[in-house]
Amino acid sequence: MKNQAQIIPLTAESHTSAEIVALPKPTPVPRVRRSWLRPLLQRAFPAALGVALLLGVWQIAAITSKGFPTPWSTAQAAVSLFADPFYIAGPNDQGIGWNVLASLQRVAMGFGLAALVGIPTGFLIGRFTFVAHMLNPIISLLRPVSPLAWLPIGLLLFQRAEPASSWTIFICSIWPMILNTAEGVRHIPQDYLNVARVLRLSEFTVMRKILLPAVLPNILTGMRLSIGIAWLVIVAAEMLTGGMGIGFWIWNEWNNLNVEHILVAILVIGAVGLLLEQGLMWIARRFSYDNR
């Protein structure tokens, strides 16, 4: 006996009534507002406290020492100096702005020559053992020499004060670039050099494609250290050689007994040195071996 399918018609009573339930609205997640004021205070308050401590020590030194200017008198002198920093009243009487620019020009010349010589030398020392054994004793002997000891050598070689100052900057700022570059080359993974050897790349290609990208952070670190040394040395060199420059300007103001101007120049030297170092640090942070 065959089973027959029975069709049952649907009626209105057979429909199951469905009840629509309204879902509750989702509770909005409150946005966490990151206040910019708190991080600013965390950095600004200690800095302001340090400046206040410096001013307090400065004021005590001015009270206890005869002839030492107070912070307020130094600030008044700074206002008068920076009211016209680029005046020219004679060959040896020019504004502080021109003297800073003259010092920066000497630093740029000596520092640039040191980079042109020091960075390739560091590559050679780190790449070839024979060159390292040949130059390491010379570097170890000359690097601890005082910067001002090189100034008479420059005066003897060039017979003029202007190249002698740049020579002093060159010979004093070259060592950090040589040492940091050589150290970076030594720490390159050997696998990279093995691949270059298998591919039979030329030495120039190895330098350009493998060594330079990997060593660039070390090069920038050496340059950052060198620029600090260069700016430190130029002030002392200009005091001895004379002419235009912030170092000579400080010595001239001492002869005129303008101690307030000397303190202003010290702050200017610190600010310019800080800007130079921070600029190179900013460049160094943009280059890293990992993102190559």
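A crossing of two helices is right-handed if the near helix is turned clockwise from the far one by less than a right angle, and left-handed if anticlockwise. The model discussed here is predicted.

Q: Is the crossing of helix 6 and helix 8 left-handed or right-handed?
A: Helix 6 covers residues 161–186 and helix 8 covers residues 203–241. Their axes come within 7 Å of each other. By the definition above, the crossing of helix 6 and helix 8 is right-handed.

Q: How is helix 6 oriented relative to helix 8?
A: The axes of helix 6 and helix 8 cross at roughly 155°. Angles over 145 degrees count as roughly antiparallel. Therefore helix 6 is, relative to helix 8, roughly antiparallel.

Q: How many charged residues does the contact of helix 6 with helix 8 have?
A: Sorted by class, this contact has 15 nonpolar residues and eleven polar ones. The number of charged residues in the contact of helix 6 with helix 8 is none.

Q: Which residue meets Arg 106 in a salt bridge at 2.5 Å?
A: Side chains of opposite charge can pair when their charged atoms come close. Arg 106 lies in helix 3 (residues 96–127), and its partner lies in helix 8, 132 residues apart from it. The N to O distance is 2.5 Å, and the partner is Glu 238.

Q: Are Arg 106 and Glu 238 buried or exposed?
A: Buried means under 20% relative accessible area. Arg 106 has 6% relative accessibility, so Arg 106 falls under that cut-off. Glu 238 has 0%, so Glu 238 also counts as buried.

Q: Which residues are linked in a network of salt bridges?
A: The count of salt bridges comes to four. One of them joins Arg 106 and Glu 238. The network of salt bridges links Arg 106, Glu 238 and Glu 162.

Q: How many residues apart are Arg 186 and Glu 183?
A: Arg 186 forms a salt bridge with Glu 183, with the closest N and O atoms 3.4 Å apart. Arg 186 is partly exposed at 42% relative accessibility, and Glu 183 is partly exposed at 37%. Both lie in helix 6, separated by about one turn of the helix, that is, three residues.

Q: What is the relative accessible area of Arg 224?
A: Arg 224 forms a salt bridge with Glu 277, with the closest N and O atoms 3.3 Å apart. This pair links helix 8, which holds Arg 224, to helix 10 (residues 259–285), which holds Glu 277, 53 residues apart. Glu 277 is partly exposed at 29%. Arg 224 is also partly exposed, with a relative accessible area of 23%.

Technical notes: Residues numbered from 1 in each chain as written. Predicted model: local features only at pLDDT ≥ 70, side-chain atom pairs only at ≥ 80, totals over all residues. Heavy atoms only, no water. Axes fitted to C-alpha atoms, helices over the stretch in contact; angles between N-to-C directions. Helix = DSSP H or I, 4+ residues; strand = E, 2+ residues; numbered from the N terminus. Parallel < 35°, antiparallel > 145°, perpendicular 65-115°, else oblique. Nonpolar A, V, L, I, M, F, W, Y, C, P; charged D, E, K, R; others polar. Salt bridge = Lys/Arg side-chain N within 4 Å of Asp/Glu carboxyl O. Buried < 20%, exposed > 50% of the residue type's maximum accessible area, 1.4 Å probe, protein only.
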